[in-house]
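Reader: I would like to learn how to read a model like this one, feature by feature. Could you walk me through it?

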Amino acid sequence: MQTAAQDSSPTRNPANTHSLLRMEGVSKIFYTDDIETHALSGIELEIRRGEYLSIAGPSGCGKSTLLAILGLLETPTQGRYILEGQGVENLSFSQRCAVRNQRIGFIFQSFNLIGDLTVFENVELPLTYRRMNARERKLRTLEALERVGMAHRLRHYPSQLSGGQQQRVAVARAVVGRPSLLLADEPTGNLDSRNGEAVMELLSDLHSQGATICMVTHDPRFARHAQRTIHLFDGRIVDENTEAELIREAKQSAAEGHGSGAPATM
Ligand SMILES: Nc1ncnc2c1ncn2[C@@H]1O[C@H](COP(=O)(O)OP(=O)(O)OP(=O)(O)O)[C@@H](O)[C@H]1O
Ligand SMILES: [Mg+2]
């Protein structure tokens, strides 16, 4: 099977509302000793290009597992995962690495920067793996660091930065390869509210420039930045809200005389 990891994915076209990925009947069972954990069951999910989706739900309901499968860090036990028209659920380890490097940007709660690389080297790394030439790497790395307002800290090491700054560098690393899909697992979980808000603004900016984002968050204030929220419970999608639905519900409620008709603070 070929990896089909082309470098030409149309990553920044907000007008393009076609499907970026689809999951059909995805389940994940973890086997540890004698215990089976059904982390995900029968997930049906479609994400369109340019969409900003958030995933909510209580601890242990499968949010990180879903994100890990979306990011090809885990494989489903059952079901299909089609990313940009290609079935990716059965790829080998090295094929998954190649697809991930070309198409996916990951932001973690704990930043996961490499401590003995500088800011510049951390962000450059995904491009080095692609064997991109040094000049192009430098241009792209500087551009990504400028986008997150960290170009003035190129030679610093992660330990010399604040948490908010480290997360901005991690965002630069996630977007430097111009991925088709940006995944974020509790990206504000280790930040105070001011830095958390700043990282959220940054993600919103990237979204308005055309990025497709899928973010796990516990915090309803941050989920509001997304256009659509899916709610997981016990490994299943139990509910889904879109902005349009929330506005429609508010209008309906006003028409029935229950409220002011303002599209509710969401
Ligand atoms: N590698 C693993 N091996 C065994 N069980 C796992 C593994 N990863 C996750 N699980 C189990 O799968 C379930 C879902 O875990 P997951 O990390 O996806 O939850 P979550 O919704 O992200 O929770 P939180 O909000 O606490 O981060 C949990 O019961 C967890 O214990
Ligand atoms: Mg989690």
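Author: Let us start with pairing: two strands pair if DSSP finds at least two bridges between them. Helices (H or I, at least four residues) and strands (E, at least two) are DSSP runs, numbered from the N terminus. Here S27 stands opposite Q78 in β4. This is a predicted model, where local features need pLDDT of at least 70, side-chain atom pairs count only at pLDDT 80 or more, and totals for chains, interfaces and linings use all residues. Residues are numbered from 1 along each chain as its sequence is written, while chains are lettered from A and ligands numbered from 1 in the order in which they are written.

Reader: In which sense do β1 and β4 pair, and over how many bridges?

Author: Strands of a sheet pair through backbone hydrogen bonds, either parallel or antiparallel. Strand β4 (residues 78-83) pairs with β1 in the antiparallel sense, over five bridges. R22 has I82 of β4 as its bridge partner. On to β2: β1 and β2 are antiparallel over 10 bridges, and T32 is partnered by I35. These two strands make a hairpin with two residues between them, and D33 in the turn has a positive phi of about 45°.

Reader: What is the strand order of the sheet of four strands?

Author: This open sheet runs β2-β1-β4-β5, with antiparallel pairing. Its edges are β2 and β5 (86-87); each has a single partner strand, so one side of each is left without a neighbour in the sheet.

Reader: And what order do the six strands of the other open sheet follow?

Author: The order is β6-β7-β8-β3-β9-β10, and the pairing is mixed. The edge strands, β6 (104-107) and β10 (236-242), each pair on one side only. From one strand to the next, the twist averages 20°. Inside this sheet, β3 (residues 52-56) and β8 (residues 213-216) pair in the parallel sense over four bridges, and S54 stands opposite M215 in β8.

Reader: Which strands does α6 touch?

Author: For contacts, take two residues whose C-beta atoms, placed from the backbone, lie within 7 Å. Axes are lines fitted to C-alpha atoms, for helices over the stretch in contact, and angles run from 0 to 180 degrees between N-to-C directions. α6 packs on the sheet, touching β3, β7 and β8, and its direction makes about 155° with that of β8. Helix α5 (residues 163-175) lies across β6 and β7 (181-185), at about 170° to β6. As for α1, this helix lies across β1, β2 and β4, running at about 60° to β2.
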